[in-house]
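Dear colleague,

Please find below the structure that I am handing over to you. My notes on what was found in it follow directly after.

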Amino acid sequence: GMMAVKIAKAMGAKVTIFSRSDAKKAEAAALGAELVATSDPAAVGALARSVDTIIDTVSDFHDIGQLISTLKSVTGTLVLLGGVPKPYELPAFSLLFSGA
């Protein structure tokens, strides 16, 4: 995940890291990225429909619904690289109302 952050920053992108907690906040700041804890619904909600691309490198089952809620309508892209063995559960309404 942090290698993707480094590459995106080198390409001039504004980078936001989603993490379960604030534990990596200093590491994110050192890379020039903002960290948003997914355990803070208000922080995630503040990013609603504002993210162009998410590169998801988590290799354990997690809620991708809240990540999708941050993607820009129609043009937002979610790239899953984590190799999670269990299928994701995704309510259809999250895609319908996002404009995807």
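**Surroundings of D56**

Leaving aside neighbours within four places in sequence, D56 is in contact (heavy atoms within 4.5 Å) with H62, I64, L67, L78, V79, L80, L81 and G82. This is a predicted model, in which local features need pLDDT of at least 70 and side-chain atom pairs count only at pLDDT 80 or more, while totals for chains, interfaces and linings use all residues. Residues are numbered from 1 along each chain as its sequence is written, and side-chain values use heavy atoms, with hydrogens and water left out.

D56 is found in strand 3 (residues 53-56); strands (E, at least two residues) and helices (H or I, at least four) are DSSP runs, numbered from the N terminus. The C-alpha atoms of D56 and G82 are separated by 6.5 Å, although the two residues are 26 apart along the chain.

With a relative accessible area of 4%, D56 is buried (buried means under 20%, exposed over 50%, and partly exposed in between, with a 1.4 Å probe and protein chains only). D56 has no salt bridge, that is, a side-chain nitrogen of Lys or Arg within 4 Å of a carboxyl oxygen of Asp or Glu. The nearest side chain of opposite charge, R20, is 10 Å away; Lys and Arg count as positive and Asp and Glu as negative, while His and the chain ends are not counted. The side chain of D56 does reach the backbone nitrogen of V58 at 3.0 Å. The D56 side chain also makes a polar contact with the side chain of H62 at 2.6 Å (a pair of N or O atoms within 3.5 Å, one able to donate a hydrogen and the other to accept it; residues adjacent in sequence count only if both atoms are side-chain atoms).

**Salt bridges**

A search of the whole structure finds 2 salt bridges. In one, the closest N and O atoms of K14 and E34 are 3.9 Å apart. K14 lies in the loop between helix 1 (2-10) and strand 1 and E34 in strand 2, so this pair ties together parts that are 20 residues apart in sequence. K14 is exposed, at 70% relative accessible area, whereas E34 is partly exposed, at 37%.

K72 forms a salt bridge with D52, where the closest N and O atoms are 3.0 Å apart. K72 is partly exposed, at 32% relative accessibility, and D52 is also partly exposed, at 44%.

Yours sincerely
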